[in-house]
Amino acid sequence: MNDIMLNSDLLFKGLRITILLGIFSGITSMILGSILGIARHSRILPLKVISAFFIEITRSIPLVLYIVFIYLTCSPILASINIFHDDIFGSLEFQSSYIALSLFTSAYIAEIVRSGLKSVETNQIQAAKALGLNVFQRLKYIILPCAISRMMPALVSQFISLVKDTSLASVIGLIEFTRSGELIYERTYQETQILALIAVVYFIICYGMSLFSQRLEKRPFALIRLGF
Amino acid sequence: MYDIDFSVILQAQELILQGLIITLRVSILSSIFAFILGVFVTYLRDLPNNFIKIIANIYVEAARNVPLLIQLYIIYKVYPRFGLSFSPINCGIIALSLYTGAYIAEVLRSGMNSIAKQQSQASYALGFNYFQTFFMITFPQAIRIVIPALGSQFINLLKNSSLVSFIAVVDVFYVIYKGAADDFRIYEFFLAGALIYMVLAGFIALATNILEKALKVYGREVRV
């Protein structure tokens, strides 16, 4: 227990990196995933083919392979760009795992978005057309409110997976929560306490998110009423 | 300029094949165990005993909300402290089975929820006990509905099996990573690795489709 107290700085720093990585790649993958999902749902053939190609390939290879590949291929480019001088955002490991996690999760989110859009009944869209709403009005007032409330549980569970998947960034040496714990027990040989602590922290984060999603399932329009 | 040269793959052919065998062994064994575990947990959660239900729920939530990597490390590094040591490959199989078993239990539960309550009530009225009702009446109907979701869980298991390389099991990912890092032939090795996983995942998807069509019952095309 004493060792955990002594090394709590390292653990907190790792936890911060995990949370930042989760939040940033969550936001990016949400944007990218919506674009890809809408592209695959659209009637424009080239867009459809390209997005389907990306989604299917990404979904069938392991995330570790993805992270390592992005790290080995993109780090020379990232090093030459080098915009951030921060010690978290500036590290190549953080940047490449951010890119890999965003791309990987966006493929899954695209499928969720596509199935959400598909679940809106055609009668509703036809009725909206008959009322004279244009494409954007249809999306804003008819399709999205309906689709978002249906997509919400799946999206939240995808974000839970994303938080869990950030632990894989330790393969390229990013010192996030898992790796920081590993560094401590390699020094102190207290695997039991440290791994239990890490598991409990991950459990609290992920289970909290899943409780939130269960609440949303009971009140699906809460987000829309807030003006989302 | 980087010139692509696939002869490195041919040279590493043997190693890749050995890794493939390990990956297949881990994924096939753990999918069998995970499926059995998932069915067992679904049965426990279907019993009218609250205590058993709570225990099963705790297992499912714990396994679903902790990263697989941490579970793997716990089995590999903490269990030996309590006198339970396994070889790395068995650790991988245990961790993958426990992790995927919880997901399969959850998928099967969503299938069970779509079966009308009247069916089990009718079978109790006819004198079937819980075990018979579950395995003869409700479960066979539930599993047909969730075959696509089960297939995607098995694909996830295959992809997650690459994590066993973190505890020094020489599977396909390990061979690919080593090859790419040692010879600096990144594109060749990763293309080969991606292809291997895509082909294996494609086989599972194909099998799922065939099974879904073979077991389809007309009039019950419920989407979960």
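What follows is a quick chat about this predicted model, chain by chain and contact by contact.

Q: Let's start with confidence. What's the average pLDDT of chain A?
A: Chain A averages 87, and 95% of its residues score at least 70.

Q: OK, over to chain B. How many helices and strands does chain B have?
A: Chain B has 10 helices and zero strands. Going along the sequence, that reads α-α-α-α-α-α-α-α-α-α.

Q: And what does its C-alpha trace span along the principal axes?
A: For chain B the trace spans about 75 × 50 × 25 Å.

Q: What percentage of chain B is buried?
A: Buried residues come to 40% of the 224 residues in chain B.

Q: What about contacts in chain B between residues 24 or more positions apart? How much do they account for?
A: Taking the contacts in chain B with a separation of 6 or more, 77% are between residues 24 or more positions apart.

Q: Now the interface. How many residues of chain B are in contact with chain A?
A: On the chain B side there are 25, and they contact 23 residues of chain A. The elements of chain B giving two or more residues to that side are α3 (50-65), α4 (68-78), α9 and α10 (186-214).

Q: Which of those gives the most?
A: α10(B), with seven residues on the side that touches chain A.

Q: And how does that side split by class?
A: The side of chain B that touches chain A has 18 nonpolar, three polar and four charged residues.

Q: How many residues are in the largest nonpolar core?
A: The core has 107 residues. Those with the most contacts inside it include A:Val64, A:Tyr66 and A:Val68 from chain A, and B:Leu72, B:Ala95 and B:Ile176 from chain B. Helix α5 (residues 88-113) of chain B gives the most to this core, with 14 residues.

Q: You mentioned A:Val68. What is A:Val68 in contact with, leaving aside its neighbours within four places in sequence?
A: A:Val68 is in contact with A:Val171 and A:Ile172, plus B:Tyr177 from chain B.

Q: Switching to helix packing: at what angle do α6 and α7 of chain A cross?
A: Helix α6 (residues 122-130) of chain A and helix α7 (residues 135-165) of chain A cross at roughly 140 degrees, and their axes come within 10 Å. The crossing of α6(A) and α7(A) is right-handed.

Q: Which residues meet there?
A: From α6(A), A:Gln124, A:Ile125 and A:Ala128 meet A:Arg138, A:Ile142 and A:Ile143 in α7(A). By class, the contact of α6(A) with α7(A) has four nonpolar, one polar and one charged.

Q: Is A:Tyr189 buried or exposed?
A: A:Tyr189 counts as exposed, because it has 11 other C-beta atoms within 10 Å and the cut-off for exposed is 12 or fewer.

Q: And what about B:Ala168, what's its phi?
A: Phi of B:Ala168 is also positive, near 65 degrees. B:Ala168 is in the loop between α8 (147-160) and α9 (172-183) of chain B. With 10 C-beta neighbours inside 10 Å, B:Ala168 counts as exposed.

Technical notes
Residues are numbered from 1 along each chain as its sequence is written. Chains are lettered from A and ligands numbered from 1 in the order in which they are written. This is a predicted model: local features need pLDDT of at least 70, side-chain atom pairs count only at pLDDT 80 or more; totals for chains, interfaces and linings use all residues. A residue is buried if 20 or more other C-beta atoms lie within 10 Å of its own, exposed if 12 or fewer, and partly exposed in between; C-beta atoms are placed from the backbone. Helices (H or I, at least four residues) and strands (E, at least two) are DSSP runs, numbered from the N terminus. A nonpolar core is a set of buried Ala, Val, Leu, Ile, Met, Phe, Trp, Tyr and Cys residues joined through C-beta atoms within 7 Å. Two residues are in contact if their C-beta atoms, placed from the backbone, lie within 7 Å. Ala, Val, Leu, Ile, Met, Phe, Trp, Tyr, Cys and Pro count as nonpolar, Asp, Glu, Lys and Arg as charged, and the others, Gly among them, as polar. pLDDT is the predictor's confidence in each residue, from 0 to 100. Axes are lines fitted to C-alpha atoms, for helices over the stretch in contact, and angles run from 0 to 180 degrees between N-to-C directions. A crossing is left-handed if the near helix is turned anticlockwise from the far one by less than a right angle, and right-handed if clockwise.
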